[in-house]
Amino acid sequence: MMRNTFNDKVKAGFVSALCLTFLLCAGVIAQEVSSSSSSGNGSGSSTATAQDNDTTGGYVIKSSIEFGVRLTAVRGNENKFDSDLNYKDGARLFDSSFYATTDDGDGKFFDSLLINGSGWGADPNGFVRIGMEKMGWYKFDSTIRRFSYFNNLLNFAANEHNRNTKHNMGDFDLTILPQNEFVKFRTGFSFDKNYGPGSATFDYDRDEFPIEYDFDTSTYDLRFGVDLSYAGYNFSFTEGYRNFNEDTSLFINDPQLGENPNPNASLDTFQRFMPIDGTTYYSKLTGHKYFKDVADISGRFIYSDTKTNFTLDEMLTGTDRMGNPITLDEFLSSGDSSRPNGYGDIGATFFVNDRIRISDTFGFNSYRISGGNTLLNTRMRTNPANVPLPTTTTNDLVWRFTNYRRYMNTIEGDVDVNRYFSFYVGYRYTNRKIELSGLDDDIINPNPSEFFEDDTNTTNTFLGGFKAKPIRNKWTINFDMEYGQGDNPFTRLANKDFIQFRIKNQITPMNDLSIGVSFEAKDNSNPGLSDTVPATNFAADVKSYVFGANFSYSPDPNFSLNGGYNYTYLNAETDVIFPITGAGFGQGMSIYNLRNNYGYVDTWFRPHPKITIFGAYRVSWDTGEGNDADYPNYWIYGNYPLTFQSPEIRGTLKLFSNVDWNIGYQFYDYSEKIDIGQNYRAHLPYTSVTVYLGRKD
Amino acid sequence: MISRKLIKVALLGVWAVFMAGWLVYGIQSRTVATSAAEPSAPKGTEVAYNQDDYVGSDTCATCHEDQFKAFSKTKHSKLTQVKDWKDKAKGCESCHGPGRAHVEEADPTKIISFKDKTAKQVSESCLTCHAGKEDHNNFRRSEHLRNNVGCTDCHSPHGSPNHPTKVGSITYPAIDSEDNPGPATVKMLKVSEPQLCMSCHQQTKAQFSQPFHHKVLEGQMKCSDCHNAHGGFELKNARLSVGADAVCVKCHTDKQGPFVYEHLPITTEGCATCHNTHGSTNPKMLKRNQVRQLCLECHTAIFDSPAPGVPSFHRQDNASYQNCTNCHVRIHGSNTHPAFFR
């Protein structure tokens, strides 16, 4: 797949528009400030603080806009570089902000406006966050994000599942009367658009074919809500609607031979359309009440109903694995599915006295997924001599149901022994039941078959922890642990019987030095029996621990030094049974090891009043363990030893009181211990200009 | 055997009775804790306040100039300009209590100070006004407060500190600063996200630095996009997406379903069953570097498991059967194929 080929003009236009927006905001504010000052209606009554902040007409403006150019030179596997980082040559808007605020809360249209943005242009990701508020009247928050997603890897799905897509998202939320103590109104809108080309594989007649994807999904979400407060009762009600559409299509551009040498089918033409329409209606009610010094109670109930309608139309021609030409193989399916979901929780904290609290939280979650489809498959073939073979038609009806309900209760008590030591203990219980059922039938020759299975599990978990301050304001220790059963016993990858604990130290020996040291360990043991005769012990055990240490040192305003190190150890050993050629099924082991080290150090210093320098080095390396070849049949060994490092340096020269010139360079070095051709080195020089408004010397 | 319907009705009944009792009790008790009409002091420090005991923030500024300067830029300070709060918010004295005795007697013990209070005590003062907001409703039961991490461990009620502007990485946005204000300024945080969260959860920095990761360090995402630091009903302070869906499908919309053929671990256990949600060295942020390991560790012949084992022709010495998702392409759920082929 080619590297990203964006529409550079559109990108440049957007970045330019964004820069102009920042500047326009400054201009509009300045204009408003000017007019309000001259009319005398502005905030002439600026406080002493406001005057200290160079206030004009009531607004204090702080802004920094950084605009620059980054170049990329990649040596090695560009696809892997793009899959990891995806940086491009070109102009970019980076780490910019515009902030206008009044000191006296008396702005004409707003009291504060904050716009933050970064990453637009040649960067793979960009965001803009806008927050605007007129106290007492409204509060507006929005986030707009763009991700350029690239995936083209030799070690995933045989390099056949690739993507080069754009993902644009936005959230806009408005609160009316945000400070009103009785009622507030909320409304919001979100959008999500994901589109672009990709590739995948298609299994046909026991053969695999590479196919092209044209991804296209879009979602929007509308929501309205009201917050009510009266007599200390607080209620929030939200009503929302979400619409989801997928118009992804799949196709081949050229005839494709199957990838398996035997059998060897082929496709001459292939196309599939699979539109999906989905809607979610949801309602959420929350309530809260604090009974002074007695109890704090909150509750929540959510009901959502999600429905999807879909059709799938697939047509292909080619050759089946027996060598018979296929004149048409058409697969038509349509149906719908729904998921009504009820979700309720209530939590209460009782204050026994000033130092002891007891809390209980109860929740339930219940949903039912029901979906059905009809399938019509018509296959028309000839034999190799072009004599028509009988047309085969299958016409099936399918229904599937999943019922799920879970109760969970957590009770805990916490005690402040004194201001240097506090602890808590707790217990969590969950009960879960899952029912799976289905119906399959042949419409042409009815022969219904049903199935039903259910599973119930309960978990018991004990919680505990403490916070201690052995040396006041110098040393804080947090410890917490859980022992029992996890919430995910249905999959062997997840927790079952487990114990985990973590301890964190925050040490501040001096005002300008802080040190953090932490250790976290988790031991999952998932015993079981094989479904064989005779049954054997069949376990899944995962042990992991993480050690971390970091420091931050800022001895004076012109120098700081930070660093840290993390070591993650993970050992997963799982008994598995699978077949291999000529030997049938056998019991073996799936082993996965992670030995990841991560270290970083960065420094910032100002050797001259006009010059600042930042330098950093980050490295992540996994040493792996063992070698695949050392293991017998039926053993699968997984580890991924690699090194990923990146030094960078950046300098800033203060050209004018409000203008800085930046120059920097970053280097990425990625290398895998078992070289399959994915290693790369990338050089990223960079230069930019930062323009400030309202900067103090 | 009690029917499911009966349990549901009983639960709803208990819930309705509880809510009614709660309402009646609350109205009768006339406890108005969240009203700011009478700013309440932290627990254990309540005294009967008189309006004449308040001296105003300007008086505080004469001695506490730095705090006042920072405070006067905050929404806390500007609350006095809002009509609804004009006679209720008392500036500095909203939290520190009336200052007349402190001013007249120059006695530091005659004013509420938070220096020697525990995180929970300090937080009770904040919650006097800030409880009742949906995001804050469960803070008293949150993992943070349970571990004695209170409001002022993250927030600075006198206003976000003006960190000096420091030139930083060319790929990661720098923290909010005096000349480059950001959300931390508005939300009165001590430091902007994610640095604030990572100061305690330091292992996440390593996770977000792996080759495959959510773009948190790059500033595109915030910790608070997925977690509610104020606590909630979900474990690990996770948020929900629209309705009751997992937070992941807020962005990964095509995984939302429902599908005719659901992949059970996704609906019952969640995305984190197979994915390391912060970051991973493995493609697609998977927990194993070989997809087949993820699949086989469940789809094996284990007693009493709903996951079927692999069929006999899935010979694992054949490369085409080692890449499970090459055929099972719709592994997150399918509407048309029970084995997730299309």
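Student: In this predicted model, is A:Asn473 buried or exposed?
Tutor: Happy to start there. A:Asn473 sits in the loop between β21 (449-471) and β22 (475-485) of chain A, and its phi is near 60°, a positive value in a residue other than glycine. Most residues other than glycine have a negative phi. A count of 12 or fewer other C-beta atoms within 10 Å makes a residue exposed; A:Asn473 has 9 of them, so it is exposed.

Student: And what about A:Ala158, how many other C-beta atoms lie within 10 Å?
Tutor: A:Ala158 also has a positive phi, near 50°, and is found in the loop between β7 (138-151) and β8 (163-176) of chain A. Buried would need 20 or more such atoms, and exposed 12 or fewer. A:Ala158 is partly exposed because its count is 18.

Student: Which residue is joined to A:Val533 by a cis peptide bond?
Tutor: Good one to check in the viewer, since most peptide bonds are trans. Look in the loop between β24 (513-526) and β25 (540-556) of chain A, where the proline of this pair lies. Omega is about -5° for the bond, and the partner is A:Pro534.

Student: Where in chain B is B:Pro194 found?
Tutor: B:Pro194 is joined to B:Glu193 by a cis peptide bond, with omega about 0°. Helix α10 of chain B spans 183-186, and α11 spans 195-198. B:Pro194 is therefore placed, by the DSSP runs, in the loop between α10 and α11 of chain B.

Student: Which residues does A:Ile211 contact, leaving aside its neighbours within four places in sequence?
Tutor: A:Ile211 is one of the residues with the most contacts inside that core. Its contacts include A:Ser199, A:Ala200, A:Thr201 and A:Phe202.

Student: Which chain B residues are included in the second core?
Tutor: This core is separate and has 16 residues. From chain A it includes A:Tyr282 and A:Ile302. From chain B it includes B:Cys223 and B:Cys226.

Student: Which element gives the largest share of the side of chain B that touches chain A?
Tutor: In this interface, 122 residues of chain B are in contact with 173 residues of chain A. The chain B side divides into 43 nonpolar, 50 polar and 29 charged residues. Among the elements giving two or more residues are α1 (4-29), α14 (264-268) and α15 (291-296) of chain B. The largest share is five residues, from α1(B).

Student: Which elements give two or more residues to the side of domain 1 of chain B that touches domain 2 of chain B?
Tutor: Chain B is assigned domain 1 (119-237) and domain 2 (247-326), with C-alpha centres 33 Å apart. The contact takes ten residues from domain 1 of chain B and nine from domain 2 of chain B. On the domain 1 side, four are nonpolar, six polar and none charged. The elements are α12 (203-207) and β1 (212-213) of chain B.

Note on methods
Residues numbered from 1 in each chain as written. Chains lettered and ligands numbered in written order. Predicted model: local features only at pLDDT ≥ 70, side-chain atom pairs only at ≥ 80, totals over all residues. Domains from an automatic or database assignment. Contact = placed C-beta atoms within 7 Å. Helix = DSSP H or I, 4+ residues; strand = E, 2+ residues; numbered from the N terminus. Nonpolar A, V, L, I, M, F, W, Y, C, P; charged D, E, K, R; others polar. Core = buried A, V, L, I, M, F, W, Y, C linked by C-beta atoms within 7 Å.
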